[in-house]
Structure formats: structure tokens, C-alpha cells
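Welcome to this short tour! Have your viewer ready and follow along, one selection at a time.

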Amino acid sequence: MDEAQKILHGIVDFLLDHWAITSLIVTSVIEVTPIFKCNPITAFFRWIGRKMTAEVMTEVKDLKGRVEEQGKDIQRNEMDRIRWEVLDFANSCRNGRKHTKNEFAHIIDLNKKYEALLKKTGEENGVFEADYEYVMGIYRHCLKENSFIA
């Protein structure tokens with residue numbers, strides 16, 4: 001045991017004589033307290049990582065902005081497509097063309113999508129709403145009279 005105690009005393013004396021190096025090694029490996037986390041090696045590598053990826057992060061932010069703008073453009077295009085299809089359907093009804101029940105069901109589904117897009121974009125309905133009501137009036141009449149085409 002004397003030999004082990006001498007070695008242990010030698011290690012303790014070295015650590016006490018070189019307390020600055022010892023504290024640096026200890027704080028770089030463990031957290032001092034759960035409230036105040038002191039981990040300088042992690043902080044140093046995090047700082048280097050941020051410096052190295054700063055340009056990439058700027059490009060990512062730019063790409064996010066572009067993607068959001070494209071998403072808005074896609075929503076506007078979809079709204080225009082739906083609006084055009086429903087208005088064209090209403091116009092064909094005004095011109096006396098008869099439609100199947102499935103065609104009316106398709107227009108009803110499109111209106112639901114259109115309303116959801118309006119809610120997402122915060123826009124208001126206009127002429128589309130009047131033509132949709134016209135189509136729904138014809139739909140209700142066809143349901144009552146069972147006058148859909150096959």
C-alpha cells in the first residue's frame with residue numbers, strides 16, 4: 001500500500017501545483033453545475049462551426065424566402081384555376097348545357113378547396129361566389145327534378 005499511496009500523493013501534488021491546467025481540463029470535460037454550464041471546448045467548436053457555416057446559413061434563409069414566395073404563387077395559380085373552372089361551368093349552365101351529377105360534385109369539391117385557399121391567403125370572395133350560388137341553384141333543381149344527364 002505504501003507504493004500506491006506514494007503514487008497517489010504524487011498525482012495530487014502535481015494537480016495542486018498545476019491547478020490552472022487541471023481546472024481547464026476538468027471544466028472542458030464536465031459541467032460545473034446544472035445551473036451554470038461551463039463547457040469551453042463545446043462552446044469553442046460551436047463558435048467555429050457558426051463562422052464556417054455563416055454563408056451557408058445566409059443562403060438557406062434566402063432559399064426559405066424564395067420557397068415561401070413560390071408557395072404563395074402556387075396557391076394564387078390554384079385559386080385562379082379553380083375560379084376559371086367554376087366560372088366556365090357556370091357559363092356552360094347559362095348556355096343551356098346539361099351536366100352529370102359527378103360534374104356538379106366536382107364543382108362542389110373545387111369550391112371547398114377554393115374556400116380553404118381563401119382562408120389561407122386571407123383573400124375575399126367576389127364574383128366567384130355569385131356564380132357558385134347560381135350553379136348550386138341549378139344543382140338543387142336537378143336534384144329535385146332528377147334531370148341530370150346520364
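Which ring does the charged end of Arg94 sit over? Select Arg94 and look for Tyr134: the charged end sits over the ring of Tyr134, 4.3 Å from its centre. Keep in mind as you explore that this is a predicted model.

**Stop two: the core**

Next, select Val86, Phe104, Ile107 and Tyr132. Among the 20 residues of the largest nonpolar core, these four touch the most other members. Now colour helix H3 (40–94), helix H4 (101–121) and helix H5 (127–145), the elements that each give two or more residues to this core. The biggest contribution comes from H4, with seven residues.

Stay with Val86 for a moment. If you skip its neighbours within four places in sequence, Val86 is in contact with Ile107, Leu110, Phe128 and Tyr132.

**Stop three: the rings**

The count of aromatic pairs comes to six. Select Phe89 and Phe104 to see one of them: the pair is edge-to-face, with 5.1 Å centre to centre and 85° between the planes. Phe89 belongs to helix H3 and Phe104 to helix H4, so this pair ties together parts that are 15 residues apart in sequence. Are these two buried or exposed? Both Phe89 and Phe104 are buried.

Now move to Tyr139 and Phe148. Their pair is tilted, at 5.8 Å centre to centre and 50° between the planes. Tyr139 and Phe148 are buried, too.

Definitions and conventions. Residues numbered from 1 in each chain as written. Predicted model: local features only at pLDDT ≥ 70, side-chain atom pairs only at ≥ 80, totals over all residues. Heavy atoms only, no water. Core = buried A, V, L, I, M, F, W, Y, C linked by side-chain atoms within 4.5 Å. Buried < 20%, exposed > 50% of the residue type's maximum accessible area, 1.4 Å probe, protein only. Helix = DSSP H or I, 4+ residues; strand = E, 2+ residues; numbered from the N terminus. Contact = heavy atoms within 4.5 Å. Phe/Tyr/Trp six-rings, centres within 6.5 Å; stacked < 30°, edge-to-face > 60°. Lys NZ or Arg CZ within 6 Å of the ring centre and 35° of its normal.
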